[in-house]
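User: Hi, I have a structure open here and would like to go through a few parts of it with you. Can we take it one piece at a time?

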Amino acid sequence: MSEEPVGRDRDQQGARPLPPRLDPRAGGRPRQRTGSSPAGLREPAGRRRLVLGSRVVAGLLSVLLLAGSGWGWYLGRVADATVNRTDAIPTEGNDGDGEAMNLLLVGNDSRSSLTEEQLAELNAGTDSGINTDTIILVHVPADGSRASFVSFPRDSWVEIPGHGEDKLNAAYAYGYTNAEAGSEAAREAAGAQLLVQTISRLTGLQIDHYAEVDLLGFFELSSVVGGVEVNLCEAVDDREWSGAFFPAGPQTISGADALKFVRQRHGLPGGDFDRIVRQQVFIAGVLRKMLSEDVLLDLGKQRQLVQAAAESLTVDQDLNLLQLAEQMQSVTTGSIEFQTVPNLGIDREGAASIVRLEDEATLERFFAELSSEPEEAPAEDAAPPEAADPADVPVAVFNGSGTGGLAADAQAELEDGGFPVVSTGNADSSGYEQTEIRHAAGDEALAAALAAVVPGAVVRVVDDAEPGTVQLVLGADFNGVGEAVTAQPPSAPAEGEDARTAADTGCIN
């Protein structure tokens, strides 16, 4: 969703026609009767509310019944008959664990399919190639309880497999231009695959699905749902560049105005970062409308919505849009979160202006927390292991605190307490903040005995611990045997920039 709108080359024959067997039945919605009662008398307010409530319930039930009798299947066929497919998921360089679903949502900045009139109407300028200027990772856990949209700035400085460091939005172009001679579809697939590999390497997550957005088709969604409400803190006038010209405050936008809204970056305090927020807010507004009663109770609008979405997308070979919708059926607007990948802001790399991302450890923690599943409550009847006798607990002491002589002091104190110390030495690092007790699987009783005299130490099962011997790794928080370690402040979750949910309607730049 760049400042220059997207318009991908699609099937040379245009959008695929819907097979006749899937065409909707002709005819409009039945006209509602006027008047409140057979005699034209006004019904009591309480009865009107009851009737209205009954109609809403009946409408919801009808949707459920129709879904069970084939409506959902029908919508799925409409989507499959319309959506374009590409071989976007690579067979290697895309690794990760877990049962969650990760979808890469991409907006391409090519405008080769726009007419001269459309270019002029949308302030689109000329075609600028095939860079991807909108890159969003959509993460949905296995239980479908929430959804996380993480935006990546187009100028993020990253490692692109096989091409070294470069801006993230160049990954697709590298794959496309360096593809072996073949069809246009094969080149597009190569571009998508390299972008997927780049994001997988950056996040440590496996990308399961890919969806590339034709922006002109995508913004038709805003018209189908009756426009999208946005809220600007200040009036904007960017008619020279994006064409955006909006007053301050809440307002409903659709069509060309929606495209101008998400394209603007000139004149905004945060530049491209504010444009990312605009993209997130617009998507959130579409989702709010899709989850509203206006859509949920209107079967005709549901069909229009599905067809408009399908026509705006090019997806991987295996993405089933109906299954995706079913997986997210329990998601509410308050559980749909938008944020930008943690970064250090604008920087320079040679002559290029880039966005410097946070260090590898911060990114690893951010995406690990993003993809972590809720922890199961421990079984109530699980009793802690019974501690062994100290005389039966051989201990190897390693100093990782950075304080010289601490291992020898700990050895003396342990031996005074009856623990046999089999060795002392330095740990693999002098930067341990927390004291750790490490042991092999099956030695829980031995570790419990040592943990009793070093309260607060982190107890871990490790593969390299010798069975029958417990390792004590001294950290900066170690205060001596028999003393509790210094309490660590709780680690703040790694959050991206501008975290907000789809329910948030506060003003933005």
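User: What does the side chain of Gln-251 reach?

Analyst: This is a predicted model, and in it the side chain of Gln-251 comes to 2.9 Å from the backbone oxygen of Gly-249.

User: And where does Gln-251 sit, in which strand?

Analyst: Gln-251 belongs to strand S11, which covers residues 249-253.

User: Is Gln-251 buried or exposed?

Analyst: Gln-251 counts as buried, because its relative accessibility is 13% and the cut-off for buried is under 20%.

User: Which residues is Gln-251 in contact with, leaving aside its neighbours within four places in sequence?

Analyst: With those neighbours set aside, Gln-251 is in contact with Val-228, Glu-229, Val-230, Leu-232 and Phe-246.

User: New topic: how many disulfides does the structure hold?

Analyst: There is one disulfide in the structure, and it joins Cys-233 to Cys-507, with an S to S distance of 2.1 Å.

User: Which parts does that pair tie together?

Analyst: Cys-233 lies in the loop between strand S8 (228-232) and strand S9 (236-238), while Cys-507 is in the segment after strand S21 (497-501), so the pair ties together parts that are 274 residues apart in sequence.

User: Why is the disulfide right-handed?

Analyst: The disulfide is right-handed because the torsion about the S-S bond of Cys-233 and Cys-507 is about 90 degrees.

User: What about accessibility, how do Cys-233 and Cys-507 count?

Analyst: Cys-233 counts as partly exposed, at 29% relative accessibility, and Cys-507 is also partly exposed, with a relative accessible area of 42%.

User: Okay, on to the open sheet of five strands: what is its order?

Analyst: The order is S17-S16-S20-S18-S19, and the pairing in this open sheet is mixed. Its edge strands are S17 (421-426) and S19 (458-461), each of which pairs on one side only. From one strand to the next, the twist averages 20 degrees.

User: What holds strands of a sheet together in pairs?

Analyst: In general, strands of a sheet pair through backbone hydrogen bonds, and they do this either in a parallel or in an antiparallel way.

User: In which sense do S16 and S17 pair?

Analyst: Strand S16, residues 395-399, pairs with S17 in the parallel sense, over five bridges. In one of the bridges between them, the partner of Phe-398 is Gly-425 in S17.

User: Last one: which strands does helix H15 lie across?

Analyst: Helix H15 (residues 444-453) lies across S16, S18 (436-439), S19 and S20 (470-474), and it runs at about 160 degrees to S18.

Technical notes: Residues are numbered from 1 along each chain as its sequence is written. This is a predicted model: local features need pLDDT of at least 70, side-chain atom pairs count only at pLDDT 80 or more; totals for chains, interfaces and linings use all residues. Side-chain values use heavy atoms; hydrogens and water are left out. Two strands pair if DSSP finds at least two bridges between them. Helices (H or I, at least four residues) and strands (E, at least two) are DSSP runs, numbered from the N terminus. Axes are lines fitted to C-alpha atoms, for helices over the stretch in contact, and angles run from 0 to 180 degrees between N-to-C directions. Contact means heavy atoms within 4.5 Å. Buried means under 20% relative accessible area, exposed over 50%, partly exposed in between (1.4 Å probe, protein chains only). A polar contact is a pair of N or O atoms within 3.5 Å; within protein, one must be able to donate a hydrogen and the other to accept it, and residues adjacent in sequence count only if both atoms are side-chain atoms. A disulfide is a pair of cysteine sulfur atoms within 2.5 Å.
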